[in-house]
Amino acid sequence: MSDLYLSRIRNWFLSSPPAEWAINRLRDTLIGSLSQGPIPGHVAFEMDGNRRYARSHKIETVEGHHLGFEALARVLEICYKCGVKVVTVYAFSLENFHRPKYEVDGLMQLAKVKLEQLIQHGELLDRYGASVKVLGRLDLIPPDVLEVVERAVAATSHNTTCVLNICFPYTSREEMTTAIRTTVEEYSTTPRPHSTPFSQSRITQKILSKQGDKPESLESIEETPSQSDDQDQDDAVSTATTLRSDPSTQKSEGSENVAIYPNAETITPETIDKHLYTAGCPPLDIFVRTSGVERLSDFMLWQCHQDTHIFFLKCFWPEFDLWHFLPVLVEWQHRQKQKQRDEKPRRVKQA
């Protein structure tokens, strides 16, 4: 028998009602078993290989992307059934705008069609209480597509159990740039709440004392009782704090009130986290990329941390199913249990 003939027999058998019923029962049993162990809170998928899948199967590139969206629906149901709370997918990179115009237009229209279907038939997301969030440069999306994006987000805004983050159009470097920019804006335009304003004479005295300069004019300055009472509190404030005059805080000309801005030294990784597109999402537990390419390609660079488990799979994204995700989840659960076993002796020693 030829390979083509055997392939047709296999496809015919798997598509028969008894086989479909048995496969679905097996899938549900496996998912139920997996959900009894530790479950990742956040999983990211870099959906790669749609074009190569299309070429290898001699179909149009846009059709390959269409099959990729169908694979996404399968993966979402698997993740939400297992108990994953947040799924983030890389749908469109900013670099994709450099592709041929016909392909870019096709991807945009495909996204529009799929999002419209999501709005009309949102049973999957409603069933698991999943809301849609679109992350990226929304200003670069064509107006007709953006209108559908906004409707999809609004249509699922009532769901609060799970989240589907669609990165479209997106790159991690652009996300980090935006987060840093908004952090700088916040620290340079938002005064810090304070109960006691700086004394102008005290500020001048502290600056000059740092320089080792003690002019007579400062020594002769008579501090009022309120100024001497505030001296100890002023000493606790870092001289690195940015000080600017703010008309809204000045009562009159010569007033001592000034705006106190946050110290840049207080910026931490958690500060940047709060300004990312994924703010509020749990830490990234699993990162999966299909098609055999072993690089992150400007996706979730900040979110990948020391405990993120990265998996590079050889299958193309349209082929991705439970049978590809199962080994990933089992491996992650094994590593989590191993980590718990390793931490037990440490806790005993510390006790």
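Student: Which residues does valine 87 touch, leaving out those up to four places away in sequence?
Tutor: In this predicted model, valine 87 touches Val43, Phe45, Leu76, Cys79, Tyr80, Val163, Leu164 and Asn165.

Student: OK, and how many residues are in the largest nonpolar core?
Tutor: That core has 50 residues. Val87 is among those with the most contacts inside it, along with Phe45, Tyr80, Phe168 and Phe320.

Student: Which helix gives the most to this core?
Tutor: Helix H4, residues 61-82, with 8 residues. Apart from this core lies another one, of 10 residues, including Ala44, Leu135, Leu284 and Met300.

Student: Back to Phe45. What's the bridge partner of phenylalanine 45 in S7?
Tutor: Valine 288. Strand S1 (residues 42-46) pairs with S7 in the parallel sense, over 4 bridges.

Student: And which residue in S8 does valine 288 stand opposite?
Tutor: Phenylalanine 311. S7 and strand S8 (residues 309-312) run parallel too, joined by 4 bridges.

Student: New topic. Where is glycine 37 found?
Tutor: Glycine 37 is in the loop between helix H2 (17-34) and S1.

Student: What separates the C-alpha atoms of glycine 37 and lysine 337?
Tutor: 9.2 Å, with the two residues 300 residues apart along the chain.

Terms used. Residues numbered from 1 in each chain as written. Predicted model: local features only at pLDDT ≥ 70, side-chain atom pairs only at ≥ 80, totals over all residues. Heavy atoms only, no water. Pairing = 2+ DSSP bridges. Helix = DSSP H or I, 4+ residues; strand = E, 2+ residues; numbered from the N terminus. Core = buried A, V, L, I, M, F, W, Y, C linked by side-chain atoms within 4.5 Å. Buried < 20%, exposed > 50% of the residue type's maximum accessible area, 1.4 Å probe, protein only. Contact = heavy atoms within 4.5 Å.
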